[in-house]
Amino acid sequence: MADLKQSNSILQQSIDAYGQTADMLDCPVELKRRAAQHQADRLSFLGRSGQAANVLKRLLNHIPGDIKLMNELGVQYLLSGKNRDAEHIYSQVVNMNPANGFAKSHLGFILKTDHLRYQEAIPLLRDGISSGEPGADDGRFYFHLGDALTRIGKPDEAYKVYEEAAGKGIFLSALQRSLYNADTPLTAHPWWTPEETGYQRAIRKLESNWEVIKDEGLSVLDKKSGGFIPEEENLREQGDWKQFTLYQRGQKNPAGCQKTPQTCAIIDSITDATSCKRGQIKYSVMLPGTHIWPHTGPTNCRLRLHLGLVIPKNVAIRVGRETRTWEEGKAIIIDDSFDHEVWHNGSTFRLILIVDFWHPDLTPQQRASLSPI
């Protein structure tokens, strides 16, 4: 009834009823299991993963050692940000059943992303993926297996992993590895010209105002005013890379725009960028000696513009198989769902403005319906 009427209040009644059933005295074990699992599933659907985990944890007290249930509990721990609890439960499963691919993939994922223990994560991810178990060969696991291999100096092995995933339709290609993609094919190539994007007027506007944008970026970069925060996605092999956000997920950052009012006034009129729920608009500063690991953005639904503001010598960006550099006052446009990598071997900082635009192939209906990222 909750599904038919799309009613959260009725859904809550069903959640309560499942819980009351599971808690009944002398409730048969199989009924207890089914009621509690339905309760946890519906709680998770509402975004209440912590409560779902508690339901499954209580159920495990009645059915200790149930591996399927333990794996489900691990998922809810991950969804609720309790990665250490998830790591503990998946370690238990692997000890109990060393062939369990689902637990191996998830444990490898945690060891790689949380602990950066690449050598330990790689065999777990490999075994999990090759098991063919449902949920064990998710795109994230191919993504992180390849990334871990890259970081231990085995890029050729990483590429084979990406090719395997692309062959299964998990990635768009071995080089284009975004996981949150449009439901229809989009034009895909790593580098774009302004004419190809259809956003020439907006690009010319940004380029003609580059010095104003640069001056405001430099004023924020000054230590007294602050505002730049470190990149937090573990993409740096070494060095220092920070950003100052003006728009995120189609929403203006009022505090950021208060410090850069002229830049935001320029950007505000570019609705194909400001409305991009799957993108950002931000200053990006990179210091000498920085290397950004090869990586891909999360979605093919955007194009990413880089406006050169302060560009020293010996800086470079590779997208796909082609490496270029930036130029002050000029824009380059990339599809960051393709594999890309950045080096700063210069002697002074590099400053650019990043502006994400909707992919021009997306219809207005698609743009409106896509979830934010």
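In which loop does Arg 249 lie? I looked it up and found Arg 249 in the loop between β4 and β5 (251-252), with strands taken as DSSP runs (E, at least two residues), helices as runs of H or I of at least four residues, and both numbered from the N terminus.

**Basis.** I am working from a predicted model, in which local features need pLDDT of at least 70, side-chain atom pairs count only at pLDDT 80 or more, and totals for chains, interfaces and linings use all residues. Residues are numbered from 1 along each chain as its sequence is written, and side-chain values use heavy atoms, with hydrogens and water left out.

**Positive phi.** Most residues other than glycine have a negative phi. I noted that phi of Arg 249 is near 55°, a positive value in a residue other than glycine, and that Arg 249 counts as partly exposed at 47% relative accessibility; here buried means under 20% relative accessible area, exposed over 50%, and partly exposed in between, with a 1.4 Å probe and protein chains only. Leu 116, in the loop between α7 and α8 (118-131), also has a positive phi, near 55°, and at 39% relative accessibility Leu 116 counts as partly exposed.

**Aromatic pairs.** I searched the whole structure and found six aromatic pairs, where rings of Phe, Tyr and Trp (its six-membered ring) pair if their centres lie within 6.5 Å, and planes under 30 degrees apart count as stacked, over 60 as edge-to-face and the rest as tilted. Tyr 90 counts as buried at 0% relative accessibility, and Phe 102 counts as buried at 16%.

I then turned to Phe 244 and Tyr 283, a tilted pair with 6.5 Å from centre to centre and 40° between the planes. Phe 244 belongs to strand β4 (residues 241-248) and Tyr 283 to strand β6 (residues 280-286), 39 residues apart. Phe 244 is buried at 5% relative accessibility, Tyr 283 is buried at 0%, and together with Phe 228 they form one aromatic cluster.

**Charges over rings.** I counted a charge as over a ring if NZ of Lys or CZ of Arg is within 6 Å of the ring centre and within 35 degrees of the ring normal. The charged end of Arg 177 sits over the ring of Tyr 162, 3.7 Å from its centre, and Arg 42 lies over the face of Phe 45, at 4.7 Å from the ring centre.

**Strand β7.** Is strand β7 (residues 290-295) enclosed or open? Six of its six residues are buried, so I recorded β7 as largely enclosed by the rest of the structure. For strand pairing, DSSP must find at least two bridges between two strands. Two bridges join strand β3 (residues 236-238) to β7, and these strands run antiparallel; Arg 236 has Ile 292 of β7 as its bridge partner. Four bridges join β7 to strand β12 (residues 340-344), again running antiparallel, and Thr 290 stands opposite His 344 in β12.
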